[in-house]
Amino acid sequence: MAIRKSNKLSQTAVLKQILKRCSSLGKKQGYHDQEGLPLDVPKGHFVVYVGENRSRYIVPISFLTRPEFQSLLQQAEEEFGFDHDMGLTIPCQEEVFQSLTSMLR
């Protein structure tokens, strides 16, 4: 299931916004100077927070184009929006997220 076009933002705009947001986090200490990513995040990846405890996961950017992951992004947009300081938060149980991402690899 792909992200549906809505009055808010198109799928392309949402993906660009996520990538921009992930790379703009680099202005804080502990981040690569040029890439704008945390030191532990390899190039081509980004961070998401999942579950009640907001566990941190590093996932490949290629996941953004997968329909299964886009469904999670749509849920995240509906529940949290994309404009907040904590980073991208995915509203699902950690076990579900781990299962889904293991199938996408």
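This is a predicted model: local features need pLDDT of at least 70, side-chain atom pairs count only at pLDDT 80 or more; totals for chains, interfaces and linings use all residues.

Guide: From the N terminus on, the elements of the protein chain run α-β-β-α-β-α, that is, 3 helices and 3 strands.

Visitor: Why is Ile 58 called partly exposed?

Guide: Ile 58 has a relative accessible area of 28%. Buried means under 20% and exposed over 50%, so Ile 58 falls in between and is partly exposed. Ile 58 lies in strand β2, residues 55-60.

Visitor: Which residues does Ile 58 contact, leaving aside neighbours within four places in sequence?

Guide: Among them are Asp 40, Phe 46 and Arg 105. Asp 40 is 18 residues from Ile 58 in sequence, and the two C-alpha atoms are 8.8 Å apart.

Visitor: How many aromatic pairs are there?

Guide: The count comes to 4 aromatic pairs.

Visitor: What makes the pair of Phe 46 and Phe 69 edge-to-face?

Guide: Their ring centres are 6.2 Å apart and their planes stand at 80°.

Visitor: Why is the pair of Tyr 57 and Phe 97 called tilted?

Guide: The centres lie 5.1 Å apart and the planes are at 55°. Stacked needs under 30 degrees and edge-to-face over 60, so this pair is tilted. Tyr 57 in strand β2 and Phe 97 in helix α3 are 40 residues apart. Tyr 57 and Phe 97 are both buried.

Methods. Residues are numbered from 1 along each chain as its sequence is written. Side-chain values use heavy atoms; hydrogens and water are left out. Helices (H or I, at least four residues) and strands (E, at least two) are DSSP runs, numbered from the N terminus. Buried means under 20% relative accessible area, exposed over 50%, partly exposed in between (1.4 Å probe, protein chains only). Contact means heavy atoms within 4.5 Å. Rings of Phe, Tyr and Trp (its six-membered ring) pair if their centres lie within 6.5 Å; planes under 30 degrees apart count as stacked, over 60 as edge-to-face and the rest as tilted.
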